[in-house]
Amino acid sequence: MATHYDCIVIGTGPGGYETAIRASQLDMKTAVIEKNKLGGVCLNVGCIPTKALLKSAEVMAQAEHLSDYGLELDGTVTPNFAKVIERSRNTANKMNKGVQYLMNKNNIDVIQGHGRLTDPNTVEVSPSVTMDGEEVGEETTVTGDTVIIATGARAREIPPLPIDGEKVISYKEAMLQTEQPDRLLVVGAGAIGVEFAYFYHHMGTEVTIVEVEDHLVPVEDEEVSRVLERSYKKKGINVMTGAMLQGVEEHNGELRAEIQVGDDTEYVECDQVLSAVGVTGNIEDLGLEELGIETENSYITIDEYGETTVDGVYAIGDVAGGPWLAHKASHEGTTCVEHIAGHDVQPINFDNIPGCTYCQPQIASVGYTEAEAKEAGYDIRVGKFPFSASGKAAALGHTEGFAKVIFDKKYGEFLGCHIVGNEATELIAEVVVARKLETTGHEIMEAIHPHPTLSEAIMEATHVAYDQPMNI
Amino acid sequence: MATHYDCIVIGTGPGGYETAIRASQLDMKTAVIEKNKLGGVCLNVGCIPTKALLKSAEVMAQAEHLSDYGLELDGTVTPNFAKVIERSRNTANKMNKGVQYLMNKNNIDVIQGHGRLTDPNTVEVSPSVTMDGEEVGEETTVTGDTVIIATGARAREIPPLPIDGEKVISYKEAMLQTEQPDRLLVVGAGAIGVEFAYFYHHMGTEVTIVEVEDHLVPVEDEEVSRVLERSYKKKGINVMTGAMLQGVEEHNGELRAEIQVGDDTEYVECDQVLSAVGVTGNIEDLGLEELGIETENSYITIDEYGETTVDGVYAIGDVAGGPWLAHKASHEGTTCVEHIAGHDVQPINFDNIPGCTYCQPQIASVGYTEAEAKEAGYDIRVGKFPFSASGKAAALGHTEGFAKVIFDKKYGEFLGCHIVGNEATELIAEVVVARKLETTGHEIMEAIHPHPTLSEAIMEATHVAYDQPMNI
Amino acid sequence: LAERTPEPVPAPTDASGERVKASPLARRVAQEHGLDLGSVAGTGPNGRVVRSDVESALEQREATPDAAPE
Ligand SMILES: Cc1cc2nc3c(=O)[nH]c(=O)nc-3n(C[C@H](O)[C@H](O)[C@H](O)COP(=O)(O)OP(=O)(O)OC[C@H]3O[C@@H](n4cnc5c(N)ncnc54)[C@H](O)[C@@H]3O)c2cc1C
Ligand SMILES: Cc1cc2nc3c(=O)[nH]c(=O)nc-3n(C[C@H](O)[C@H](O)[C@H](O)COP(=O)(O)OP(=O)(O)OC[C@H]3O[C@@H](n4cnc5c(N)ncnc54)[C@H](O)[C@@H]3O)c2cc1C
């Protein structure tokens with residue numbers, strides 16, 4: 001007979017495993033089903049290993065500037081690419097073991113294999129092969145009062161750029177391969193694209209990045225994009241915006257990409273192409289159609305608490321649509337099970353999910369961009385504080401970038417914040433919490449930010465927005 | 001005839017110059033009087049130049065671990081002490097010029113020289129000599145409706161350790177001297193002491209640090225101190241706590257310090273001693289006694305808006321008492337002039353002033369320590385999240401330390417937060433703002449902190465405090 | 001500097017003189033509409049009044065026109 005659970009979670013990315021932990025804490029007998037390694041994209045081939053790579057790149061960038069800090073390098077510093085990759089893998093594997101530990105600690109059954117719903121309460125599991133080539137799992141069936149689908153997403157492919165895993169690669173190969181190309185073409189300048197461009201550049205690869213929109217990181221505030229573009233060009237990364245890839249041809253082992261820029265056609269020679277043009281939901285082979293669970297553009301349709309169009313079946317995280325971020329996945333999941341457990345919880349507020357990009361200068365933002373706020377009809381006050389005026393930034397030797405804040409004039413609502421610069425990704429939490437607590441600009445100005453810090457830039461920008469600039 | 005101002009500020013540290021800017025914005029005709037360089041201790045020999053030094057030390061520490069990041073050093077990296085000092089001076093001088101710019105921009109008259117009150121509305125100015133040996137100012141007299149004293153503080157001297165500026169030095173010489181001692185004894189393990197210990201250690205000096213209390217950074221939560229102690233010992237800094245300096249003797253150019261540890265007497269040989277045992281207010285030669293302006297233990301007595309015991313004369317910043325922090329000085333000052341201008345402002349909340357220490361691991365805290373909260377009679381919930389469980393910390397290779405949060409059980413008030421680890425000083429602003437907004441633990445947990453960041457540790461620690469640990 | 005920036009709205013009190021816990025945004029919206037925060041039930045942690053509570057209270061006031069002081 002099939003084992004019965006209160007809650008079955010399919011997939012153990014940050015969405016799935018945190019949802020399972022919360023379910024177990026809420027006294028549900030819980031199982032997770034995972035066909036690959038525990039931790040999903042995020043821990044194995046996403047957030048964590050890329051941040052390890054980026055740190056190596058950052059240390060390398062700093063090593064090129066030792067004399068700026070009064071230090072003398074007698075000799076050379078060079079990246080050992082294979083070792084850099086190895087360090088990243090070790091970091092990922094350590095975190096992956098952590099998830100196993102958390103499952104045990106929270107009495108969650110881990111069932112390896114591919115899960116597929118046969119009815120709203122039944123999941124059929126079959127053996128699968130992990131990214132390490134390991135065969136895992138066996139044929140089995142489990143039943144549950146609630147099934148939560150957290151199967152995530154994978155790299156999207158576009159017609160002019162079929163991924164072969166060798167010449168044209170996705171983030172996975174870009175992160176796992178132990179040899180670096182001499183010349184890399186990155187297609188797509190979202191977070192993943194610009195992060196890999198930064199990484200490979202500092203590893204010594206000649207990098208070109210192509211973006212169809214007019215700016216790098218096109219979802220960010222335009223002023224932010226411009227700082228990044230200036231910085232990348234200065235570093236020596238070849239930046240092509242408003243540029244559409246038409247196709248890639250191979251000639252004697254060399255690749256030639258055809259790129260349309262306005263009315264012109266340009267050609268870029270390279271050894272590898274990284275396709276970083278977004279993701280597509282993992283909705284296949286889950287039994288969705290048979291059960292009548294609706295999807296839209298590869299994502300499962302859900303209500304505000306994650307319920308699909310079939311009662312008792314839920315979906316959370318990347319497979320349930322954007323923003324495709326780990327912290328969105330986990331909060332969506334915990335909110336979903338708390339709701340199932342009958343807690344009086346609010347659905348997550350999609351306007352207060354920060355987005356981060358971890359190249360240098362880092363980018364972090366939450367809420368409306370200036371353009372969006374205006375379009376939404378707000379009468380706004382905007383303040384910007386450049387890190388060039390920050391004492392801490394000067395001491396660190398990282399004066400690129402700024403913090404920009406946007407407030408509603410009428411009520412003082414903190415509509416948005418956009419930071420580009422050193423440690424931006426750590427600074428944005430203040431704004432997320434402040435917005436959660438429904439701050440106005442006054443409380444930000446009156447909160448005694450420690451000196452000297454980069455976090456002061458948020459306060460200083462607010463001073464500017466309220467026409468009382470202090471250190472600028 | 002003396003020029004008349006609405007507001008005269010004596011001293012241009014972060015307290016004085018920001019106060020003057022705010023006064024000018026509030027339509028007061030404002031002058032500052034400064035006997036030394038613009039920017040006070042903070043910009044010239046405090047916050048900013050020390051953070052520049054510490055950054056060089058940090059980069060040096062990282063250079064010793066290049067291989068941890070997959071990078072190969074073929075050769076050596078060595079600090080050029082004089083260059084490190086030079087960089088710090090350049091940073092300080094740049095910020096100092098920034099203050100001059102701000103004064104001009106805000107139409108504030110800068111009067112160089114030593115200021116002295118002759119009556120509550122009159123300041124006599126006489127020439128003075130700056131730290132660079134420059135003679136500035138001339139005899140003049142100015143009058144003002146309001147006089148704000150922001151003359152700051154200087155290093156305190158203790159009887160067993162008279163400062164001679166050569167063998168026994170204060171923070172000033174420690175920051176300005178271009179030759180480093182082979183062996184340095186640091187007396188006092190507050191923020192300044194531990195920061196210089198860290199700096200000199202990474203510059204290659206053999207460092208011993210002596211603290212009379214039982215722990216380094218004794219005002220911090222005890223668990224925080226313990227992490228720092230472990231880290232310093234591991235680095236090879238000689239840590240002596242519960243140890244009282246008795247005196248220092250010179251023998252053939254070598255110093256020998258006598259230190260009492262419990263019932264034992266120990267001797268430490270060294271080449272220089274840094275006295276870092278606190279500060280004393282600059283209350284001399286200001287005319288305070290003559291005017292009947294009261295002081296207590298070298299600090300000017302003020303009410304909640306900064307008014308001294310004489311109407312119309314105010315004092316703010318270090319000279320008005322602790323905490324001796326730049327951000328306290330500036331907020332105290334702006335609150336003071338806003339009050340003078342008739343705004344309905346609240347006095348600053350001394351319980352919500354964060355304290356930061358910029359060695360590695362960094363320390364930042366705000367509010368009650370665990371011990372203080374218990375002593376104050378709170379029934380508390382405490383949560384701790386170690387950076388060893390943080391994915392970002394693992395990626396950065398900085399897994400030392402933790403974030404610890406303390407909540408009141410009854411109402412959920414966020415009583416205190418204590419962070420030791422990488423970027424702690426940037427993380428604490430979230431808590432300051434959240435406390436300002438009267439958060440409870442729920443809002444912290446529901447605020448979607450970006451992943452992967454160190455700031456998540458505050459959220460994770462809150463989960464622990466509320467008995468719903470997620471990633472631990 | 002044509003217009004004066006708005007000042008923060010201080011924490012209001014309820015009928016019994018107790019301080020009402022309310023978010024700054026809730027306070028400002030209530031002030032703008034002349035709504036007494038002491039009469040609003042808060043749905044935030046510990047009964048904290050948030051903006052949506054004020055907005056529901058305003059809607060209710062609109063539904064019962066005789067109550068509106070404006
Ligand atoms: C290179 C890269 C860098 C990124 N960096 C960041 C970042 O810095 N910050 C951030 O917030 N986000 C980042 N992301 C996005 C982040 O990884 C995803 O948003 C997050 O992993 C989504 O979590 P999830 O739980 O929804 O799905 P996933 O992490 O994709 O996990 C889904 C899991 O389900 C399993 N699964 C799928 N189908 C089945 C099945 N039928 N049966 C059993 N198991 C199944 C998969 O094997 C997988 O383990 C990055 C992504 C990439 C690719
Ligand atoms: C080594 C060191 C590191 C520090 N690091 C930090 C840190 O990281 N963060 C932090 O918050 N704090 C730090 N501090 C403390 C910080 O520097 C002080 O709290 C801050 O400078 C106080 O500001 P203030 O405006 O009150 O006084 P000060 O900065 O001391 O300025 C007072 C000014 O008044 C002038 N003055 C004095 N008397 C007269 C007179 N009679 N006439 C005219 N002018 C006069 C002085 O020349 C001086 O310029 C540090 C201090 C030191 C020593």
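A residue is counted as near a molecule if one of its heavy atoms lies within 4 Å of it. On that basis, ligand 2 lies between chains A and B of what is a predicted model, in which local features need pLDDT of at least 70, side-chain atom pairs count only at pLDDT 80 or more, and totals for chains, interfaces and linings use all residues. Residues are numbered from 1 along each chain as its sequence is written, chains are lettered from A and ligands numbered from 1 in the order in which they are written, and side-chain values use heavy atoms, with hydrogens and water left out.

**The two chains**

**The shell around ligand 2**
- Ligand 2 is surrounded by 40 residues, and the closest are A:H451, B:G15, B:E34, B:K51 and B:A326.
- α2(B) gives the most to this shell, with four residues, helices being DSSP runs (H or I, at least four residues) numbered from the N terminus.

**Polar contacts of ligand 2**
- Within the cut-off for a polar contact, a pair of N or O atoms within 3.5 Å, an oxygen atom of ligand 2 is 2.9 Å from a polar backbone atom of B:G15.
- An oxygen atom of ligand 2 is also 3.3 Å from a polar backbone atom of B:W324, and one is 3.3 Å from an N or O atom in the side chain of B:H327.

Key. A polar contact is a pair of N or O atoms within 3.5 Å; within protein, one must be able to donate a hydrogen and the other to accept it, and residues adjacent in sequence count only if both atoms are side-chain atoms. Helices (H or I, at least four residues) and strands (E, at least two) are DSSP runs, numbered from the N terminus.
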